[in-house]
Amino acid sequence: MSIAACTPGKSPAVPTSPSPVAVRRSVADGAPYLCHFIPQAAVADLTGYIGPYKAGSGERDPEGRGCVISNDEQSLFITRYYESAPRQVIENLIEFGENRNPVKLPEELGKGEISDFQSRFYQYRKAGAWFRCGSNNSLITITVKRNPARDQDHDLVQLMKIAERRFAEMFKCKLGGPPPG
């Protein structure tokens, strides 16, 4: 039996359930990579999902290639890259994220940001970076299933660093920060 007592003029104390605290840890980097850029070892850590999943093909396409890592219910990661992308593509991504909890990417990763994204009933966090690789203005986007137990902005910055390094290896070009202009 539980008895609650009230003090005149004071509200009764209501127990609050603790909110999950987002953890900031390093993203495991190393082969094998799924969908070009995502270290296989990082999938469970970053999404919180530990069951079976499948990854799209790792085929390379200079025009732009998308790839999905998913389980039977939803996508866990979505990657897309363009070897050469016009400025308007990143401008559209930034405009799309304006009212979706945006966070700018560090300048050394190029021009871009991280923002919320929803598909059907599922919540995601998406990063897009427009950067120089050799003589091209290239673009990478990475979308990850929301995981309140992780600091996903921190995770996505680390993943973007891995992705840009892997991109430079794939296309044999030298990274050069944000495109001019």
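Where is H36 found? Select H36: it is found in the loop between strand 1 and strand 2. Helices (H or I, at least four residues) and strands (E, at least two) are DSSP runs, numbered from the N terminus.

This is a predicted model, in which local features need pLDDT of at least 70, side-chain atom pairs count only at pLDDT 80 or more, and totals for chains, interfaces and linings use all residues. Residues are numbered from 1 along each chain as its sequence is written, and side-chain values use heavy atoms, with hydrogens and water left out.

**Around strand 1**

Stay on H36. Its phi is near 75°, a positive value in a residue other than glycine. H36 counts as buried, at 5% relative accessibility; buried means under 20% relative accessible area, exposed over 50%, and partly exposed in between (1.4 Å probe, protein chains only).

Next, select P32, in the segment before strand 1. The peptide bond that leads from A31 to P32 is cis, with omega near 0°.

**The disulfides**

A disulfide is counted here as a pair of cysteine sulfur atoms within 2.5 Å. By this rule there are two disulfides, and they follow the pattern 1-2, 3-4, with bonded cysteines counted along the chain.

Select C35 and C67. Their sulfur atoms are 2.2 Å apart and form a disulfide. C35 lies in the loop between strand 1 (33-34) and strand 2 (38-39), while C67 is in strand 4 (residues 65-70), so the pair ties together parts that are 32 residues apart in sequence. The torsion about the S-S bond of C35 and C67 is about -65°, so this disulfide is left-handed. C35 is buried at 3% relative accessibility, and C67 is buried with a relative accessible area of 4%.

Move on to C133 and C173, which form a disulfide with sulfur atoms 1.8 Å apart. C133 belongs to strand 8 (residues 122-133) and C173 to the segment after helix 3 (152-171), so the pair ties together parts that are 40 residues apart in sequence. Here the S-S torsion is about 80°, so the disulfide is right-handed. C133 is buried at 2%; C173 also counts as buried, at 18% relative accessibility.

**Around helix 3**

Select K172, in the segment after helix 3. K172 has a positive phi of about 50° although it is not a glycine, and it counts as exposed at 74% relative accessibility.

Finish at R150, in the loop between strand 9 (136-145) and helix 3. R150 counts as buried, at 6% relative accessibility. Leaving aside residues up to four places away in sequence, R150 touches A22, V23, R25, S26, V27, D45, L46 and D155, where contact means heavy atoms within 4.5 Å.
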